[in-house]
Number of protein chains: 2
Amino acid sequence: MKQYKILLVIADGLGDRPVTKLNGLTPLEAANKPAITDLLKSSIVGLMDPISPGVIAGSDTSHLSIFGLDPHIYYRGRGAFEALGAGATLNHGDVAFRGNFATVNDDFVVIDRRAGRKLEEGDDLVKELNEKIKEIDGVKVKFYKGTEHRVAVVLSGKGISDKISDTDPHFEGNKVLESRPLEDTVEAKRTAEIVNLLTRKIYDVLNSSDINKKRIERGEKPANIVLMRGAANYVKLPQFSSYTKLKAAAVSATALIKGICRELGMNVVTPPGATGGIDTDYNAKANAAIELLKENDFVFLHIKATDAASHDGLIEEKVKAIERIDKVIGSIVDKIGRDNLIIMFTGDHATPVEIKEHTGDPVPVLLYIPYPVVNDIVKDFNEKEVRKGSLRIRGLDVINILLNYSNRAEKYGA
Amino acid sequence: MKQYKILLVIADGLGDRPVTKLNGLTPLEAANKPAITDLLKSSIVGLMDPISPGVIAGSDTSHLSIFGLDPHIYYRGRGAFEALGAGATLNHGDVAFRGNFATVNDDFVVIDRRAGRKLEEGDDLVKELNEKIKEIDGVKVKFYKGTEHRVAVVLSGKGISDKISDTDPHFEGNKVLESRPLEDTVEAKRTAEIVNLLTRKIYDVLNSSDINKKRIERGEKPANIVLMRGAANYVKLPQFSSYTKLKAAAVSATALIKGICRELGMNVVTPPGATGGIDTDYNAKANAAIELLKENDFVFLHIKATDAASHDGLIEEKVKAIERIDKVIGSIVDKIGRDNLIIMFTGDHATPVEIKEHTGDPVPVLLYIPYPVVNDIVKDFNEKEVRKGSLRIRGLDVINILLNYSNRAEKYGA
């Protein structure tokens, strides 16, 4: 049997609810999407719960699940994945945090959780931190620059634990929190102490940095603290190729997603112009996917723009992002040939654009299959029409379904 | 509440895809099935994933699942079930293999993996093997005749393991493989060695057997080797009656299915004329089911013909088999009375007749309930129409559903 290439397109935060300004249509319903509609002639569709019904998935837990790894087993908090996305090399037992460069006053009250968000000097600040803070109490400390104001912090050494609370108070006007042990162990107590010492040391370095002096001179807020959250012990993930037998590649510009894909052993490509935002270069991503499909069995294309627009409440931008994704899918189909691949298009979770946050609603899913199966008959691919389809799946089912319809699955039993 | 009898009819490999020669209809859609259509007046219908979406089920894993036992826990490879089906009595720890009588040349290159397939002298060859090979290195060896060219091999003794590779090269023109240990244990290494010694000994016995000399004289290929695969440690299964409280019986002519049913403690009946092929005696099977329904709460009727036709690509035969199953169901309903039983009709997996192999597509499922429930309104029972139904279940859900609608389920909680 012919083995088909597999294209998995995930529009981050795709799922939505009826939007008042769209006259009750969802963004997916409102979007003009000729390429996707054309695929419906030979597709099965339905709804997917990324984790399980009602669970509000994060992008990390959802992607793990969609890649076939139960997040209840493999997810250890976002810090580790964020650090991997920022380029960290982690070893088993390391404890990683997500961090924000932020602005505090002399009393450690948070004035701006993102130090103005578009932080231009992030690379230099990270460099200075790495030069001046190398270890605390025998535990190695390493900083990695993320996107914008984000920074990952990694602790390496013996006798440390991820069972500690955040220093990030999550609201401006509140004081930086003391990290506390979340379990009664020597390791958790020690790690909380190290994090509190580290936080003070970071402030000392950053507050006296020339970079921040210049920011103040220019009337900008100093990036004089790193707020830490999501402590996570690093646990090595299984290799995607080992449990799927697929040669796999990913196109993404989002640190978190890139980190997961790299950990799974995928070849991760971020073409120039891909930003992980609504200003991303869609053509560059389409072309990268087309190139990768030549050499790989499985190509995963991640587009963050839908989620970014949703979090910012930008209705028209979300509709536009979907229309651009439609063009991306169309151009890939044109280049690779509609008879040579199966295509799944879905979201990793719902981010209703009027809610601006993730919700636990199921997300629409489409699977284009180039040969005759019993298709689902629907007029359009959107949250409402797909309810007439046959798929009612969970994220963990995705890989099995892709392997089956690409004729790459092995029989379980005899 | 009245407790209803339960009839579960499984047409092996029932699920299919649109078939070109049937003008895009599936065999189930093309078949004339007045009895089943009549049941639709009081039925719920839908799709079932025997294991989970996309997983290509074998008949063994699927039946375990449908009988309420998670194959991820209870399935240990086909060898054990095949041996049980062939009449073996297994003890905990025994290692069983599926085997083929095959033809090899002097260099152990496989000339015919099935020694002509229709092997008439199978019983005599098995008898000769059991007389001449009783043990190897203190481990007892026993052979059991399966259908056609099939033979089960069982090793009994201490210090053996099923973590060894097959001797069956799976392709003609290849040499018989040396069995290798699949894990670094004394038991696996020893068992692999025993299997390799056994293979050589089997060749010596069979190649010099008078039976094979006569085959060669008649211009037939000698059945001079047994190719072994699917080593499986025998693990005792729970008794069906203990976890369902049902007195259960099965009608089947297929060794693998009979083995599973017997292991579950069902009363297994193979009426004369039932063959496990497309030439089976449908009336005999219907009559056996009717008799068993008088004395049992639950009767399982397995018909292999649909799968046999599918594997051989016989479209019309598959349609005919479904039409005969319809008559079987009709005659059972006539005899037992439509008010006295609930009936589930489904497949254990899809074997699309144009593909000739199992696929991971969901299979249609119908549950006839003689009293008013909220029915599904569909015109026909086939892969397309059932998508309008309410069932979207997994194999593991079947027993609970049958217990519920037969008024035999116990409340979980209070």
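Two residues are in contact when heavy atoms lie within 4.5 Å. By that rule, 22 residues of chain A are in contact with 33 residues of chain B. This is a predicted model, in which local features need pLDDT of at least 70 and side-chain atom pairs count only at pLDDT 80 or more, while totals for chains, interfaces and linings use all residues. Residues are numbered from 1 along each chain as its sequence is written, chains are lettered from A in the order in which they are written, and side-chain values use heavy atoms, without hydrogens and water.

**Domains of chain A**
- Chain A is divided into domain 1 (5–76 + 237–405) and domain 2 (88–233), with bounds from an automatic or database domain assignment.
- The C-alpha centres of domain 1 and domain 2 of chain A are 33 Å apart.

**Buried area**
- Chain A and chain B bury about 2000 Å² between them, and carbon and sulfur atoms give 57% of this; buried area is the accessible area (1.4 Å probe) that two parts lose on being put together, summed over both.
- Val374(A), Tyr412(A) and Ala414(A) supply 37% of the area that chain A buries against chain B, more than any other three residues.

**Salt bridges**
- The interface of chain A and chain B holds two salt bridges (a side-chain nitrogen of Lys or Arg within 4 Å of a carboxyl oxygen of Asp or Glu).
- Asp376(A) forms a salt bridge with Arg387(B), and their closest N and O atoms are 2.6 Å apart.
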